[in-house]
Amino acid sequence: MYKLYDPATIKKILEESGFFFKKSLGQNFLINPTVCPRMAESACADGVEGVLEIGPGIGVLTNELAQRAKKVVAIELDTRLQPVLSKTMGEYENVKVIFGDALKLDLADIIANEFTGMKVSVCANLPYYVTSPIIMRLLESRLNIESIIVMVQHEAARRICAEVGSREAGAVTVAVNYYSNTKILFNVSRGSFMPQPNVDSTVIRLDILEKPAITPNDEKGFFKFVHAAFSQRRKTLVNSVSSVLGIEKSKICSSLESVGISSAIRAEKLTLQQFCDVYNTLESKK
Ligand code: SAM
């Protein structure tokens with residue numbers, strides 16, 4: 001078995017296939033041996049048998065997942081890693097690598113075809129340049145999955161897992177909390193990667209809700225409203241929503257007041273339920 005955490009081993013494997021790191025693909029490979037076993041344990045908890053991994057790199061996390069899951073399907077964008085992964089993952093019969101873009105492939109189809117009858121989770125050390133788009137795609141596609149265990153930049157983790165209604169909350173906080181219960185698992189220092197990035201990381205867990213805790217009249221319209229509300233953080237919600245969506249201020253003010261909220265409020269102060277109540281009231285005034 002390859003020592004995929006060992007920088008000398010990684011260099012040797014990559015040199016043999018003429019591979020060089022591409023910063024544009026977020027290629028920072030893990031060299032800290034304690035991280036992947038913890039991520040894999042969390043991904044394979046609660047009877048999960050199938051794991052969809054995004055961005056296996058040379059397979060350091062894939063290796064830990066393969067030892068715990070019945071089946072692992074890993075999606076990798078960079079086809080230069082094909083010879084590397086066939087070498088490092090060759091011994092596992094329960095690992096399948098699909099080369100493609102996690103933002104474009106039909107993930108629902110992959111899950112239905114590859115993991116029939118299994119409980120599934122998603123596990124990844126995400127490429128940082130597409131963290132939010134990937135997480136949002138996983139959630140919005142309403143995939144048949146139990147949980148998402150991902151490593152993201154520390155700051156992104158704080159925002160994603162912030163409480164809706166707290167200073168750190170943003171539009172992504174509302175969206176993620178709409179679909180899941182969030183939890184910070186553990187921090188990972190920048191020294192745990194090769195090459196070393198400029199930021200520290202955090203592993204988070206999102207447990208998918210069977211149905212959202214709130215019921216906006218129209219989901220798409222609701223998220224447009226939330227994005228507009230957070231678009232100008234220094235402004236009040238009334239001013240932000242009015243300038244982005246072109247809705248009369250008086251209508252927004254009366255919607256806020258009719259659900260008992262001051263019209264001077266900023267988006268970061270609203271709870272998930274309050275966002276929903278204001279949006280539904282505003283909709284009914286159209
Ligand atoms: N899992 C490995 C590890 O922990 O060492 C590598 C993680 S590295 C941060 C991110 C990986 O995602 C790279 O292998 C990169 O090529 C791949 N990647 C980047 N963009 C992707 C995309 N859109 N779809 C699938 N994989 C992608």
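Ring pairs, meaning Phe, Tyr or Trp rings (for Trp the six-membered ring) whose centres lie within 6.5 Å, link Tyr178, Tyr179, Phe222, Phe223, Phe225, Phe230, Phe275 and Tyr279 into a cluster. The model is predicted, so local features need pLDDT of at least 70 and side-chain atom pairs count only at pLDDT 80 or more, while totals for chains, interfaces and linings use all residues. Residues are numbered from 1 along each chain as its sequence is written, and side-chain values use heavy atoms, with hydrogens and water left out.

By the ring rule there are 12 aromatic pairs. Phenylalanine 21 and phenylalanine 29 form one that is edge-to-face, at 5.2 Å centre to centre and 70 degrees between the planes (under 30 degrees counts as stacked, over 60 as edge-to-face and the rest as tilted). Phenylalanine 29 is buried at a relative accessible area of 8%, whereas phenylalanine 21, at 29%, is partly exposed (buried is under 20%, exposed over 50%, partly exposed in between, with a 1.4 Å probe and protein chains only). Phenylalanine 230 and phenylalanine 275 form a tilted pair, at 5.7 Å and 35 degrees; because phenylalanine 230 lies in helix H9 (residues 219-230) and phenylalanine 275 in helix H12 (residues 272-284), this pair ties together parts that are 45 residues apart in sequence. Both phenylalanine 230 and phenylalanine 275 are buried.

Turning to the strands (helices, H or I, of at least four residues and strands, E, of at least two are DSSP runs numbered from the N terminus), S6 (residues 147-153) has 6 of its 7 residues buried. Strands pair if DSSP finds at least two bridges between them: S5 (residues 120-125) runs parallel to S6 over 5 bridges, and S9 (residues 201-208) pairs with S6 in the antiparallel sense over 7 bridges.
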